[in-house]
Amino acid sequence: LQMSVAPSLTSSSPTRNVAVLVLALVIDMLAFTCILPLFPSIISFYSKEPHRDGLYDFFVSFLASFQKFIGVPYNERYNNVFFGGFLGSLFSALQFIASPTLGALSDVYGRRTMLLLSAGGTLIAHIMWLRADTFTLFVLARIVGGLSKANVNVATAVIADVYEPKDHPKGMALIGAAYSIGFLVGPMIGAYFSVIAPKNATLFTLPAQFSICVTFIHFLIIFFFLKETLDYKQTKARESVTGRASLLLRPSALFKFSAVNAPTEKKERMESIGWTYFLYLFLYAGLEFTLPFLTHLRFDFGSMQQSKIYLFTGMLMLPIQGGYVRRTPLHKQKRLAEIGLMCAIPAFLICAIANSVFWLYMGLALYAVASATVVPSLTSLISVVHESDKGAVAGVFRSIGALARALGPIFASTIFWLLGPDWCYFIGGVSLLLPLVLLRRIPNVESPLEKEKMK
């Protein structure tokens with residue numbers, strides 16, 4: 001019998017394809033996250049001869065001139081924090097550009113092709129990292145890596161291809177689980193390899209080699225086992241790719257949800273949720289990124305102790321996300337997001353004044369609650385505003401988050417560099433009141449019982 005759909009969309013294909021996709025994402029995230037606890041040590045590595053080069057010296061000279069210009073006494077102690085924030089924001093900014101672009105191109109050239117392109121670029125970035133014996137080469141490796149990270153948008157497109165709209169949340173939950181596993185295990189692997197590295201090797205030699213190996217496996221899994229899910233008969237015109245990508249790259253169009261075709265009332269609610277999400281993630285991402293530098297400077301944490309922070313928060317987040325957030329009805333998600341924000345504020349204030357590891361972990365416990373609740377709850381709220389075009393809404397929301405993560409690290413690192421960690425975390429914690437106030441002004445989703453009463 002002639003099939004009315006593409007061979008890759010047969011009934012047995014969706015489950016298999018999603019399983020392959022999730023496995024590939026877990027492996028990719030292990031490579032992506034293993035560098036996280038090493039950042040403070042890596043920046044310190046490039047601040048010393050013979051790895052310090054002209055680009056590093058240029059940044060040091062620029063920072064000294066800037067501090068003199070604004071009348072702040074020169075202090076080189078926090079320079080590495082600024083460099084780390086710059087690299088974090090650079091990576092996320094390039095990801096902000098690449099994700100919607102490759103996501104839109106996948107509508108024309110196929111999901112599998114773009115995932116292979118992303119994996120190939122990531123593999124090149126890890127090889128460059130292994131060979132990066134100067135600061136300039138490390139920066140170039142991060143640039144290539146940022147431009148290659150388009151997994152989320154393309155993976156989401158795969159979910160949209162193989163699942164019915166009503167089952168999209170199940171597929172997205174699997175992608176979320178893949179990322180959670182990566183963030184839980186990856187930092188521990190990176191820290192372990194840095195500790196057992198031979199004396200004649202750099203601290204990142206083994207983590208970089210590990211990243212190369214698993215990224216190559218990630219590439220092979222996609223190449224041999226992932227089938228194309230795009231139905232080319234339903235593909236939009238090729239000329240529309242640039243226009244669709246630009247709606248996710250221009251902030252003026254992004255925050256107005258121009259890519260979504262919806263009534264004015266719904267657009268206004270989307271904009272309110274979008275601004276709440278941006279402000280929260282802008283502050284949260286900046287403070288999250290500087291956390292390893294805070295613990296390195298204040299408590300002299302090495303890479304293994306840094307990785308234990310990710311393990312501690314991840315172990316707290318998993319049961320909250322999987323057991324509580326997932327079961328919370330939609331009309332209570334707004335309240336859950338408010339609770340998460342109310343935990344985030346004292347979390348960072350405690351980190352600002354923590355003078356012992358005990359108080360640091362007290363702050364991290366509240367931080368884990370916020371991490372597990374706010375973003376999933378806001379994502380649920382935005383998904384029901386305009387159910388007929390969930391794909392476009394989700395794409396805009398992800399781009400808003402990517403923009404926040406691109407700007408947050410450099411902002412927080414600049415405050416950290418100028419005023420020190422205490423003021424950085426105090427200002428960030430207090431500023432989180434802004435998204436909380438915005439969230440409380442957004443009307444709640446009606447419960448099924450309230451809807452029935454209205455009828």
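User: How many aromatic pairs does a search of the whole structure find?

Analyst: The structure is a predicted model. A pair of aromatic rings is described by the distance of the centres and the angle of the planes. A search of the whole structure on this basis gives a total of 41 aromatic pairs.

User: Are the rings of W129 and F204 stacked, tilted or edge-to-face?

Analyst: The ring centres of W129 and F204 lie 6.0 Å apart, and the ring planes meet at 20 degrees. Planes under 30 degrees apart count as stacked. The pair of W129 and F204 is therefore stacked.

User: Which parts does the pair of W129 and F204 tie together?

Analyst: W129 counts as buried because its relative accessibility is 4%, and F204 counts as buried because its relative accessibility is 1%. The two parts that the pair ties together are 75 residues apart in sequence. W129 belongs to helix α5, and F204 to the loop between α8 and α9.

User: Are the rings of F289 and F293 stacked, tilted or edge-to-face?

Analyst: F289 and F293 are four residues apart in helix α12, so about one helical turn separates them. F289 is buried, and F293 is buried too. Their ring centres are 6.3 Å apart and their planes stand at 35 degrees, so the pair is tilted.

User: How is α2 oriented relative to α12?

Analyst: Helix α2 (residues 39-46) packs against helix α12 (residues 264-299) with the axes 9 Å apart and at an angle of about 70 degrees. Angles of 65 to 115 degrees count as roughly perpendicular. Helix α2 is therefore roughly perpendicular to α12.

User: Which residues of α12 meet α2, and how many residues of each class are in the contact?

Analyst: From α2, the residues in the contact are F39, P40, I43 and S44. On the α12 side they meet F289, P292, F293 and H296. By class, the contact has six nonpolar, two polar and no charged residues.

User: How is α4 oriented relative to α5?

Analyst: Helix α4 (residues 79-109) and helix α5 (residues 111-130) have axes 7 Å apart and pack at an angle of about 135 degrees. Helix α4 is therefore oblique to α5.

User: Which residues of α5 make the contact with α4?

Analyst: The contact of α4 with α5 has five nonpolar, three polar and two charged residues. Helix α4 contributes L102, G103, L105, S106, D107 and Y109. From α5 come R111, T113, M114 and L117.

User: What distance does helix α9 reach from its first C-alpha to its last?

Analyst: Helix α9 (residues 205-225) has 21 residues. Its buried residues include F210, I212, V214 and I221. The span of α9 is close to the 30 Å expected at 1.5 Å a residue, and its value is 30 Å.

Technical notes. Residues are numbered from 1 along each chain as its sequence is written. This is a predicted model: local features need pLDDT of at least 70, side-chain atom pairs count only at pLDDT 80 or more; totals for chains, interfaces and linings use all residues. Side-chain values use heavy atoms; hydrogens and water are left out. Axes are lines fitted to C-alpha atoms, for helices over the stretch in contact, and angles run from 0 to 180 degrees between N-to-C directions. Angles under 35 degrees count as roughly parallel, over 145 as roughly antiparallel, 65 to 115 as roughly perpendicular and the rest as oblique. Contact means heavy atoms within 4.5 Å. Ala, Val, Leu, Ile, Met, Phe, Trp, Tyr, Cys and Pro count as nonpolar, Asp, Glu, Lys and Arg as charged, and the others, Gly among them, as polar. The expected span of a helix is 1.5 Å times one less than its number of residues. Buried means under 20% relative accessible area, exposed over 50%, partly exposed in between (1.4 Å probe, protein chains only). Rings of Phe, Tyr and Trp (its six-membered ring) pair if their centres lie within 6.5 Å; planes under 30 degrees apart count as stacked, over 60 as edge-to-face and the rest as tilted.
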